[in-house]
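Biologist: I am new to this structure. Please take me through its cavities and one of its helices.

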Amino acid sequence: MDFVIAGTSAVSAGFFTHPLEVLKIRVQLQGELRKRGQHAVHYKNLFHAGYVVAKTEGILALQKGLVAGLWVQLIMNGLRLGAYQLADSHGYVRDNDGNLIFYKNVLFGGLGGTFGHYFASPFFMIKTHFQSQASQSIAVGYQHNHKGTWQALKTIFKEHGIKGLFRGAGASIPRAFVASTSQLTAFTYSKEFLTKRNVLNNHPYLKSFVSSMVGGVAISTMVTPFDLILTRLYNQGVDSEGRGLLYKNYTDCVVKIYKSEGLLGFSKGLSGNYFRLGPHTVLCLMFWDYYKDLYGRFRAKHRQQVNV
């Protein structure tokens, strides 16, 4: 049940935050392998990107890739948060006195995120393709022109097999580990800090809100360079053999971005990451706490009825 609750929480948040990710992807792909001032600037910032996309492609374009995106949330965060909750329930992340053990929180949070992201990788790749797909006048990055999520998965599998579906999955490992452990560690320790000091103990959801805000800042700051690299690797076109047209591998991508766009190139989408991951973290973790509480009350009521 831990995995069902976790996945449902992430899907619930994904409905609201998916448009922000569409805009973040557009900003990250703008000026790919070009120096500043040597490429068209369709999106000045995240807010301008929202205006341009809605004006040019219509308001529904802000939900491009939603189906694939919700599958990502279900699989990735279902495994990630579910595994962490399972570890916490069995006492693997705390000592005998109930205190959090830092390295175990980092380890379980990171490993859960890594496994979750890896198995969600085919949907994450398709989601990225759809989110970057735009009208010619404002297009950035490689345009894959998929017609639907399942058609895209079927076409990629037919042309490149399982390997094609998991293209870029290896690059998701550093991104997933850093993102998951920074978010969960910041969230968990913030809640622990407030609880021990008797702050907001009578307002559990407000406590979750404050703690998840801290988690949102942590994940946005830490994950941006890794997220940019992953976006570029997922979205690049491939040849008939399934090899990337722009980047050979993770290291090649890092080197080319640095040489072409400079060190600041890795910070592209930082504000977009915060405006997307911040609200998503808050909603996802608050839904997580709410659904866990709801399930706990349901079980308690069921036991009471059985005992009667």
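Modeller: The model is predicted, with local features needing pLDDT of at least 70 and side-chain atom pairs 80 or more, while totals for chains, interfaces and linings use all residues. Residues are numbered from 1 along each chain as its sequence is written, and side-chain values use heavy atoms, without hydrogens and water.

Biologist: Which helix gives the most to the lining of the second largest cavity?

Modeller: A cavity is a set of points on a 1 Å grid over the protein atoms alone where a 1.4 Å probe fits but cannot get out, and lining residues have an atom within 4 Å of a point. The lining includes Gly14, Gly69 and Arg276. Both α1 (2-29) and α3 supply at least two residues. The most, 4 residues, come from α1.

Biologist: How much space lies in the largest cavity?

Modeller: The search of the whole structure finds 2 cavities of 30 Å³ or more. Lining the largest are 20 residues, with Met76, Asn77, Arg80, Arg175 and Ile219 nearest its centre. Its space is about 180 Å³.

Technical notes: 1 Å grid on protein atoms, 1.4 Å probe; cavity = no way out; pocket = protein on both sides within 12 Å on 5 of 7 lines; lining within 4 Å. Points joined across faces, edges and corners; volume = space filled by probe spheres on them.
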